[in-house]
Amino acid sequence: MEIVFLEEGTIHLLVPFIHPEIENYWWVVDTGASKSVVDRALAGQVVKHESEGAMATGLGQEMVETSTGTITDFRFGETGFGDLPVAIVDLHHITEEYSKYSDKRIAGLLGSDFFYREKALIDYENFVILI
């Protein structure tokens, strides 16, 4: 787990996005996101079983186009967690913002659905996620 400060007073936790099809990408830990999200630009490489598009409420309550799918054999560190259902959304605005402050490439948001399912705890003092 790494911490990125995008601007003064903000803390963003990142964890490696581990997938055989892409390298050097990161998840933003977003416990405020009800569902994990992967960037539409990477979906063709990492998502299986994509469903038809729909509209959903995004940050700030604007409507965003989304579809859903599954990242199979989802891995977090050395541990596998089976399938991870994800929403597929254009995250260009997020990836662009991160590129201003960090060299980390963002693949998606790891949401509260994952953390709840795995009963995970975030230990800020030791910079680890306990599962």
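The structure is a predicted model, and pLDDT is the predictor's confidence in each residue, on a scale from 0 to 100. Where this score is low, the predicted coordinates should not be read in detail.

The secondary structure consists of three helices and 12 strands. The radius of gyration is 14 Å, close to the 14 Å that the globule rule gives for 131 residues, so the protein is as compact as a globular protein of that length. Along the principal axes, the C-alpha atoms fill a box of roughly 40 × 30 × 25 Å.

The second largest pocket holds about 170 Å³ of space. Two or more lining residues come from each of helix H1 (40-46), helix H2 (92-101) and strand S10 (105-111). Of the elements, H2 gives the most to this lining, with three residues. The residues that line the second largest pocket include Tyr25, Asp39, Ala41 and Leu42. By residue type, the lining of the second largest pocket divides into five nonpolar, three polar and four charged residues.

Glu118 is located in the loop between helix H3 (112-117) and strand S11 (121-123). The side chain of Glu118 is joined to that of Arg117 by a polar contact of 2.9 Å. When residues up to four places away in sequence are not counted, Glu118 touches Phe81 and Ile131. Lys119 is also placed in the loop between H3 and S11. The phi angle of Lys119 is near 55 degrees, a positive value in a residue other than glycine.

A positive phi is found at Asp73 as well, where the angle is near 50 degrees and the residue is again other than glycine. Asp73 has its place in the loop between strand S6 (63-71) and strand S7 (75-76). Most residues other than glycine have a negative phi. Against that background, the positive values at Asp73 and Lys119 are noted here.

Terms used
Residues are numbered from 1 along each chain as its sequence is written. This is a predicted model: local features need pLDDT of at least 70, side-chain atom pairs count only at pLDDT 80 or more; totals for chains, interfaces and linings use all residues. Side-chain values use heavy atoms; hydrogens and water are left out. On a 1 Å grid over the protein atoms alone, a cavity is a set of points where a 1.4 Å probe fits but cannot get out, and a pocket is an open set with protein on both sides within 12 Å along at least five of seven lines; lining residues have an atom within 4 Å of a point. Grid points are joined across faces, edges and corners, and a volume is the space filled by probe spheres set on the points. Helices (H or I, at least four residues) and strands (E, at least two) are DSSP runs, numbered from the N terminus. Ala, Val, Leu, Ile, Met, Phe, Trp, Tyr, Cys and Pro count as nonpolar, Asp, Glu, Lys and Arg as charged, and the others, Gly among them, as polar. A polar contact is a pair of N or O atoms within 3.5 Å; within protein, one must be able to donate a hydrogen and the other to accept it, and residues adjacent in sequence count only if both atoms are side-chain atoms. Contact means heavy atoms within 4.5 Å. The radius of gyration is taken over C-alpha atoms; the globule rule is 2.2 Å times the number of residues to the power 0.38.
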